[in-house]
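Please open the model in your viewer and keep the selection panel at hand. The stops below follow one another, and each begins with something to select.

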Amino acid sequence: MQVDGPRIRRRRERNGQGLRAFASAVGVSPSHLSRIERGERAPQPEVLVRIARGLNCPVEELEGAEGAHDERAQHRLAVHDDEGARGPRP
């Protein structure tokens with residue numbers, strides 16, 4: 001199962017929840033939550049359920065390829081596609 005860690009962080013921050021307080025509320029260490037949000041660790045299914053409950057959203061909203069909704073990744077794809085249409089740079 002792929003989890004979109006940056007999406008978790010954005011939702012948590014949008015809800016006004018700090019890392020330490022949120023980690024405590026969902027029963028994980030702040031360092032573990034930070035690794036999940038950075039995409040360095042995948043949470044166990046039961047931890048993901050607790051995170052989703054803490055964010056008041058379905059688990060499915062937190063799943064997905066890491067960075068799939070990252071604006072920088074979308075920009076890189078757009079730039080790459082545009083370069084392909086014009087040919088390689090000199």
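In this predicted model, begin with the largest nonpolar core, which has 16 residues, and select Ile8, Phe22, Val28, Leu33, Ile51, Leu55 and Leu62, the members that touch the most other members. Two or more residues of this core are given by each of helix 2 (19-26), helix 3 (30-37) and helix 4, and helix 4 supplies the largest share, with 5 residues. As general background, nonpolar side chains in soluble globular proteins tend to be buried together.

Next, select helix 4 (45-55) and colour its buried residues, which are Val47, Leu48, Ile51, Ala52 and Leu55. They lie on the same side of helix 4, because the arc they cover around the axis is only 140 degrees. If you now show what covers these residues, you will find that the cover includes helix 1 (5-14), helix 2 and helix 3.

Stay with leucine 55 for a moment and display its surroundings: apart from neighbours within four places in sequence, leucine 55 is in contact with Ile8, Arg11, Arg12, Asn15, Gln17, Phe22 and Leu62.

Which residues does valine 59 contact, once its neighbours within four places in sequence are left aside? They are Leu48, Val49 and Ala52. A C-alpha to C-alpha distance drawn from valine 59 to leucine 48 will read 6.9 Å, although the two are 11 residues apart in sequence.

Then turn to helix 1 and select Gly5, Pro6, Arg7, Ile8, Arg11 and Arg12, which are buried there. The buried residues of helix 1 pack against helix 2, helix 3 and helix 4. Glycine 16 follows helix 1, and its phi is also positive, near 75 degrees.

For the last stop, show helix 2 and helix 3 together, and look at how their axes are arranged: the packing angle is about 100 degrees, and the axes are 8 Å apart. Angles of 65 to 115 degrees count as roughly perpendicular, and helix 2 and helix 3 are therefore described that way. To see the contact itself, select Leu19, Arg20, Phe22 and Ala23 in helix 2, together with Pro30, Leu33, Ser34 and Glu37, which they meet in helix 3. Coloured by residue type, this contact divides into 5 nonpolar residues, 1 polar and 2 charged.

Methods: Residues numbered from 1 in each chain as written. Predicted model: local features only at pLDDT ≥ 70, side-chain atom pairs only at ≥ 80, totals over all residues. Heavy atoms only, no water. Helix = DSSP H or I, 4+ residues; strand = E, 2+ residues; numbered from the N terminus. Contact = heavy atoms within 4.5 Å. Core = buried A, V, L, I, M, F, W, Y, C linked by side-chain atoms within 4.5 Å. Buried < 20%, exposed > 50% of the residue type's maximum accessible area, 1.4 Å probe, protein only. Arc of directions from axis to C-beta. Axes fitted to C-alpha atoms, helices over the stretch in contact; angles between N-to-C directions. Parallel < 35°, antiparallel > 145°, perpendicular 65-115°, else oblique. Nonpolar A, V, L, I, M, F, W, Y, C, P; charged D, E, K, R; others polar.
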